[in-house]
Amino acid sequence: MKVSLLRTDKEITEIYERHVQTVWRVCYAYMKNTAETEDAVQDTFLRLMDANPSFENAEHEKAWLIRTASNVCKNHLKRKWRKRENLDSAENTVGEMMQTNEVLDAVLALPDKYKTVVYLYYYEGYAGKEIATILKKPASTVRNLLRDARKQLKEKLGEDFCEE
C-alpha cells in the first residue's frame, strides 16, 4: 500500500494555528491594511499546501513561512494594478487585528529592505545570525540593515527613541 506524503487537514490546521499570528504580522508590515493582509496570509498557507515542504523542526517551519509570506507580499506589491490603486484614501476597517502605535507606524513606514529585518529582530526576537539564515543574506548585511533602520527610526521618532 502506498503512503501519501501529503499533509492531513489536521496537520495543516496545527501548522496554521502555530504560526498564523506571526505570518499575519509579517504580511501586515508589508500590506498595511487588513484585507490585503488576509489575502497574503491565505496565499502563504496555500503555498504551504502546494509545496508540501518537509521541515527539520518547528523553527525551520516558522522560518519557511516567514520567508514565503515576505515573498508573497513582495510579489503582490509588484503587480501593476496595485501601483495604480490609491490605498491612502481607503479607510482602515473596523476591528483591526493589530493595534498600531507610533513606533510600529514608524517601522511600517521604513523601506521594505529594513522592515522585515526590524520586525524579525524586535517583534519576533530573532538574533542577527538567525535573520541572516531566514532571509538568506550575509550576517553583516543584516547588521548593516538594522543599523541603518535604527538611524532612520531615531530621525523619525526623535532623541527619545530607545535602541535596546
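Start by selecting helix H7, residues 128-135; helices here are DSSP runs of H or I with at least four residues, numbered from the N terminus. Its buried residues are Ile131, Ala132, Ile134 and Leu135, where buried means under 20% relative accessible area, exposed over 50% and partly exposed in between (1.4 Å probe, protein chains only). These residues lie on the same side of H7 because they cover an arc of only 165 degrees around the axis, taken from the directions from the helix axis to the C-beta atoms.

This is a predicted model, in which local features need pLDDT of at least 70, side-chain atom pairs count only at pLDDT 80 or more, and totals for chains, interfaces and linings use all residues. Residues are numbered from 1 along each chain as its sequence is written, and side-chain values use heavy atoms, without hydrogens and water.

Now turn to the other side of H7, where Lys129 and Thr133 are exposed. Next show helix H3 (58-78), helix H6 (112-123) and helix H8 (139-157), which are among what covers the buried residues of H7; contact means heavy atoms within 4.5 Å. Just after H7, select Lys136, which has a positive phi of about 55 degrees.

Select Glu124 next. For Glu124 and Arg25, the closest N and O atoms are 2.8 Å apart. Glu124 sits in the loop between H6 and H7 and Arg25 in helix H1 (residues 9-31), so this pair ties together parts that are 99 residues apart in sequence. For Glu124 and Lys62, the closest N and O atoms are 3.1 Å apart. Lys62 is in helix H3, so that pair ties together parts 62 residues apart in sequence. Glu124 is buried at 16% relative accessibility, and Arg25 is partly exposed at 26%.

Move to helix H6 and select Lys115 and Asp112, which are 3 residues apart, about one helical turn. They form a salt bridge, with the closest N and O atoms 3.1 Å apart. Lys115 is buried, at 1% relative accessible area, whereas Asp112 is partly exposed, at 32%.

Last, look at the aromatic rings. The structure holds 4 aromatic pairs; rings of Phe, Tyr and Trp (its six-membered ring) pair if their centres lie within 6.5 Å, with planes under 30 degrees apart counted as stacked, over 60 as edge-to-face and the rest as tilted. Select Phe55 and Trp64: the ring centres are 5.9 Å apart and the planes at 65 degrees, so the pair is edge-to-face.

Technical notes:
Helix = DSSP H or I, 4+ residues; strand = E, 2+ residues; numbered from the N terminus. Salt bridge = Lys/Arg side-chain N within 4 Å of Asp/Glu carboxyl O.
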